[in-house]
Amino acid sequence: MQYSHFLHQLRACAKTRSQLQGKKLHAQIIKIGLEQWEPLPNNLIDMYGKCGLLHAALHLFDELPQRDPVSWASILTAHNQANLPHCTLSIFPNMFTFDRLQPDNFVFATIFKACGSLGAVKQGKQIHAHFVLSPFSDDDVVKSSLVDMYSKCGQLDDAHWIFDSISWKNSVCWTAMISGYARNGRSSEAIELLQRMPVKDLFSWTALISGIVQSGDSSDAIKLFVQMQREGIRIIDPFVLSSVVGASANLAALELGRQIHCLVVVFGYESSVFVSNALVDMYAKCSDILAAKDVFDKIPKRDVVSWTTIIVGAAQHGKAEDALTLFDEMVLAGLKPNEVTFVGLIYACSHVGLVDKGCHLFNSMTKDYRINPSLQHYTCLLDLLSRSGHLDDAENVIKTMPFDPDEATWAALLSACKRYGNSQRGIGIANHLLSLNPQEPSSYILLSNTYASAGMWDYVSKVRKLMAVTAVKKEPGYSWVDLGKESWVFYAGKTACQVKEEIVGLLKDLDMEMKRRGYVPDTSFVLQDLEEQEKEQQLFWHSERLAVAYGLLKAVPGTVIRVVKNLRVCGDCHTVLKFICSIVGREIIVRDANRFHHFKDGKCSCCDFW
DNA sequence: TTAGGGTTAG
């Protein structure tokens with residue numbers, strides 16, 4: 001009687017994640033002397049794991065006189081719960097070696113979940129073979145965990161094959177399969193599956209929408225979110241909201257983001273730290289850094305992602321001092337920065353030329369916070385050094401770092417070579433890159449651009465031919481302007497826009513006024529072998545200029561023009577936009593592939609250093 | 001005691 005009461009209470013604590021209540025119960029159980037009564041020990045482990053007290057769970061597990069598969073399932077689940085899937089996999093073999101036990105269906109499901117989180121498909125497949133030969137090979141829950149594992153590892157055929165073999169498909173396995181297709185860019189198959197699903201719930205819709213956001217089709221995700229609401233799905237948790245806030249961030253659609261922010265308030269999920277963090281990011285990515293800071297200031301309990309998001313936001317808007325101050329505040333608030341925080345911080349230093357500070361932070365990351373620098377951190381460091389002209393030091397980083405450099409690393413160095421007119425070094429690096437990684441499309445593009453900058457057109461055409469042979473395509477440059485109710489996309493060199501004549505007329509007028517004020521086109525940014533006049537024409541038709549002109553024609557007078565470009569803004573366009581903002585007396589904000597440029601009164605917030 | 005959906009960089 002007594003122990004069944006405790007059992008019930010322990011399960012309730014595990015369900016509601018009530019740490020304090022759980023500890024009290026444990027104390028009572030010890031006091032009464034029931035701590036060895038089956039099945040209380042395993043339930044205690046389970047309770048501690050679910051309440052996020054892994055150490056307590058481990059302590060009990062180690063002390064158990066006799067462990068069974070339930071004890072193992074509980075402790076393995078506790079590691080998954082604590083977001084330590086690699087630990088789940090590393091302790092799993094002890095089940096055979098120490099306790100001579102075979103996994104049961106619960107253990108299998110937990111292990112496949114861990115493999116899925118880690119993308120450890122090879123290990124997952126090996127254990128899958130054990131599962132097939134086990135007495136549990138018909139278990140639908142385990143099969144469902146396999147569907148999820150293969151989906152997360154991008155092996156959709158395997159996932160679907162297992163999905164088909166599940167006799168009684170519940171909402172969980174449908175969702176795992178939908179999520180797999182959506183995340184891997186196969187949205188039409190994901191949508192089709194959702195349509196076939198007998199009872200669509202908020203989980204499956206969320207999996208679809210968030211997967212599509214992750215695979216990069218944010219506008220489709222927004223349309224599906226609208227459809228979901230039309231179909232009467234009630235939003236009873238905040239998950240889908242953080243995804244659609246993220247979608248508006250990707251689209252740099254400020255007005256849409258504001259509307260979704262209103263929905264967040266209406267549904268009462270302002271207090272969700274996930275949603276708040278997404279909102280901070282959305283406002284920062286939609287170039288409203290003040291609104292981002294406002295949301296951030298109102299978060300009652302900020303976590304490391306909240307701080308990192310605002311630091312990265314400040315950094316991308318060129319507010320390095322703000323980013324560094326925020327970092328000091330974060331540390332004072334007792335939060336430990338993570339690897340992303342340092343990417344933001346070094347990036348901030350890099351973009352304003354704070355070389356010493358950036359190097360100090362890079363060293364502090366290992367020394368003070370025991371974070372091993374990743375390749376990306378080395379790339380940031382290299383960017384920091386090379387942007388400020390320390391090309392030898394930058395090359396030295398490449399030579400001594402414990403990673404093989406990728407194209408981003410070489411891109412940073414190559415772009416600095418161009419900036420500092422060191423074309424010989426650039427060509428050497430590009431050649432080296434080509435010899436190292438001839439399969440990578442970006443390698444060809446880098447090489448081509450480097451030769452073009454040096455005016456070596458024979459080599460450019462040679463590389464272009466190679467690109468054609470290997471079917472490598474350069475991503476076309478495009479820009480879009482967000483006018484709240486509508487947004488227009490412009491590609492370089494053309495427009496099908498109804499007001500094409502007005503756009504061209506306005507750009508011509510502006511061109512004349514700019515030239516009167518001393519503008520000289522910098523045709524070195526045209527990477528094709530053309531006559532000077534043709535090069536100027538190419539620059540004239542760059543997508544960011546078309547988008548800005550459209551914004552000037554259509555936006556409410558006096559408002560900020562917000563433009564997004566998929567590639568980095570070209571150097572000549574950067575000069576032109578400084579002239580234009582001053583001629584028309586408007587603020588223009590351009591988000592390019594790398595950062596934000598706030599053009600105002602003839603100047604840019606990046607101080608021409610980007 | 002097991003399985004599905006959310007935020008920060010790139």
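## Basis

The model is predicted, with local features needing pLDDT of at least 70 and side-chain atom pairs counting only at pLDDT 80 or more, while totals for chains, interfaces and linings use all residues. Residues are numbered from 1 along each chain as its sequence is written, chains are lettered from A and ligands numbered from 1 in the order in which they are written, and side-chain values use heavy atoms, without hydrogens and water.

## Cavities

Two cavities of 30 Å³ or more are present. A cavity is a set of points, on a 1 Å grid over the protein atoms alone, where a 1.4 Å probe fits but cannot get out; lining residues have an atom within 4 Å of a point. Volume is the space filled by probe spheres set on the points, which are joined across faces, edges and corners.

## Largest cavity

The largest cavity holds about 70 Å³ of space. Its lining includes Lys 285, Asp 482, Arg 562 and Arg 591. Strand 3 (561-565) and strand 4 (588-591) each supply at least two lining residues; strands are DSSP runs of E with at least two residues, helices runs of H or I with at least four, both numbered from the N terminus.

By class, this lining has seven nonpolar, one polar and four charged residues (nonpolar: Ala, Val, Leu, Ile, Met, Phe, Trp, Tyr, Cys and Pro; charged: Asp, Glu, Lys and Arg; polar: the others, Gly among them).

## Second largest cavity

The second largest cavity has a volume of about 50 Å³. Among its lining residues are Leu 507, Asp 511, Phe 540 and Arg 545. Helix 30 (500-516) and helix 33 (571-584) each supply at least two residues of this lining, and helix 30 gives the most, with four. The lining divides into six nonpolar, no polar and two charged residues.

Conventions. On a 1 Å grid over the protein atoms alone, a cavity is a set of points where a 1.4 Å probe fits but cannot get out, and a pocket is an open set with protein on both sides within 12 Å along at least five of seven lines; lining residues have an atom within 4 Å of a point.
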